[in-house]
Amino acid sequence: MLSLRPPCTLSPAPWRRRRTLHGAAGTPQRVSAAAPSAIVEAVSPPARLSFPILVNGCTGKMGLSVAEAATSSGLHLVPISFSSRDTLDRTVRVGHTDVRIYGPSAREDVLSSVIDEFPDVVVVDYTAPDFVNANAELYCKLGLPFVMGTTGGDRQLLYKSVQDSNNYALISPQMGKQVVAFLAAMEIMAEQFPGAFSGYHLEVLESHQAGKLDISGTAKAVIACFEKLGVSYDMNRMVKIRDPEQQLEMVGVPEEHIEGHAFHLYHLTSPDDSVSFEFQHNVCGRSIYAEGSVDAAMFLHRKVRSNDSKRIYDMIDVLREGSMRP
């Protein structure tokens with residue numbers, strides 16, 4: 001059985017041995033992968049920005065966290081957001097701002113009015129997988145630069161919508177800057193050492209709050225790297241945990257973070273069970289994603305203002321440019 005050690009409390013032995021997977025022999029080797037220093041150049045911190053930002057999805061915990069992080073960063077929060085239900089008529093308080101929630105049928109008219117009042121607005125989307133493509137098509141139709149933090153949907157169609165419209169967009173399944181850096185290191189390893197883990201057996205466990213409907217996009221990205229490294233993996237074998245009791249007892253998620261966490265464990269075993277490796281990244285809370293989303297919006301705003309010829313970005317671009325606040 002896979003188990004995860006929570007990272008949210010300090011321990012004198014943070015890498016204490018956990019239970020092995022299916023009786024795999026051998027002591028797991030902790031691997032530290034770091035991107036070459038040349039990948040990210042040292043850049044002076046960017047000047048403080050202030051521009052209008054619209055967070056679509058303020059009725060959800062992730063969207064609300066982004067809205068709070070945006071106001072704390074000095075951005076002007078547009079007091080408008082959207083819900084998946086037309087019957088919803090409410091406001092959400094974010095700092096000193098009352099954000100009015102509109103139903104999906106009002107999206108185009110309301111967004112058109114927003115553009116008239118805030119022509120340099122950037123949208124950050126944290127809605128639901130079923131709305132990814134429809135929202136993106138509308139943003140592209142109206143020429144609204146957007147950060148797509150929502151996972152799921154038809155990703156190929158998402159990129160095609162942006163390419164066909166020549167709109168600005170930053171799309172990433174993972175907004176946590178440090179997790180993105182880990183993903184970048186994995187991609188570098190996969191590119192430089194293809195087939196290094198040929199024949200190895202991979203097991204994956206991911207645990208998120210019950211409200212996350214789709215499989216972890218981060219897990220998919222890491223698995224893709226392992227496949228380049230020679231590992232064969234069937235996505236149907238992934239252990240996806242959404243049950244709070246299992247998360248507490250089996251995964252080890254702190255109780256206060258059951259409603260907001262992202263735990264991932266990747267365990268590799270050699271063909272003869274004599275060698276095993278584990279890669280793990282655990283996140284408690286949503287602040288890492290909220291702050292990363294604000295960095296992404298700031299980055300995209302600068303690209304729009306400079307009329308950059310490139311139109312589609314991801315969080316790797318943000319890391320490379322050093323466009324991150326402490």
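**Entry 1: the model and its conventions**

I am working with a predicted model, in which local features need pLDDT of at least 70 and side-chain atom pairs count only at pLDDT 80 or more, while totals for chains, interfaces and linings use all residues. Residues are numbered from 1 along each chain as its sequence is written, and side-chain values use heavy atoms, with hydrogens and water left out.

I counted nine helices and 14 strands in the protein chain; these are DSSP runs numbered from the N terminus, helices being H or I with at least four residues and strands E with at least two. Buried residues make up 50% of the 326 residues, where buried means under 20% relative accessible area, exposed over 50% and partly exposed in between, with a 1.4 Å probe and protein chains only. Of the contacts in the chain with a separation of 6 or more, 68% are between residues 24 or more positions apart, a contact being heavy atoms within 4.5 Å.

**Entry 2: the six-stranded sheet**

I traced an open sheet of six strands in the order β3-β2-β7-β8-β9-β14, with parallel pairing; two strands pair if DSSP finds at least two bridges between them. The edge strands are β3 (76-77) and β14, each of which pairs on one side only. Inside the order, β7 and strand β8 (residues 146-148) run parallel and are joined by three bridges, and V124 stands opposite V147 in β8.

Helix α8 packs on this sheet, where α8 touches β2, β7, β8, β9 and β14, and its direction makes about 150 degrees with that of β7. For such angles, axes are lines fitted to C-alpha atoms, for helices over the stretch in contact, and the values run from 0 to 180 degrees between N-to-C directions.

**Entry 3: the three-stranded sheet**

I then followed an open sheet of three strands, ordered β4-β6-β5, with mixed pairing. β4 (80-82) and β5 stand at the edges with a single partner strand each, so one side of each has no neighbour in the sheet. On average, neighbouring strands here are turned by 35 degrees against each other, direction ignored.

Strands β5 (residues 90-94) and β6 (residues 97-102) pair in the antiparallel sense over five bridges. They form a hairpin with two residues between them, and G95 in the turn has a positive phi of about 60 degrees. Going along the pair, I found V94 opposite T97 in β6, and V99 in β6 as the bridge partner of V92.

Which residues have the most contacts inside the largest nonpolar core? They are F51, I53, V147 and L170, in a core of 41 residues; a nonpolar core is a set of buried Ala, Val, Leu, Ile, Met, Phe, Trp, Tyr and Cys residues joined through side-chain atoms within 4.5 Å. Elements that give two or more residues to this core include β2 (52-56), α1 (61-72), β7 (122-125) and α9 (315-320), and α8 gives the most, with eight residues.

The axes of helix α5 (residues 177-192) and helix α8 (residues 287-305) come within 8 Å and cross at roughly 80 degrees. The two helices are therefore roughly perpendicular to each other, on a scale where angles under 35 degrees count as roughly parallel, over 145 as roughly antiparallel, 65 to 115 as roughly perpendicular and the rest as oblique. K177, Q178 and V179 of α5 make the contact with I288, E291, G292 and D295 of α8.

Most residues other than glycine have a negative phi, and I noted two exceptions. N166, in the loop between α4 (155-165) and β9 (169-171), has a positive phi of about 60 degrees although it is not a glycine, and N166 counts as partly exposed at 46% relative accessibility. I came back to N307, where phi is near 55 degrees, a positive value in a residue other than glycine; N307 is exposed, with a relative accessible area of 55%.

Last, I looked up A134, which lies in helix α3 (residues 132-142) and is partly exposed, with a relative accessible area of 34%. A134 and G153 are 19 residues apart in sequence, and their C-alpha atoms are 9.4 Å apart in space.
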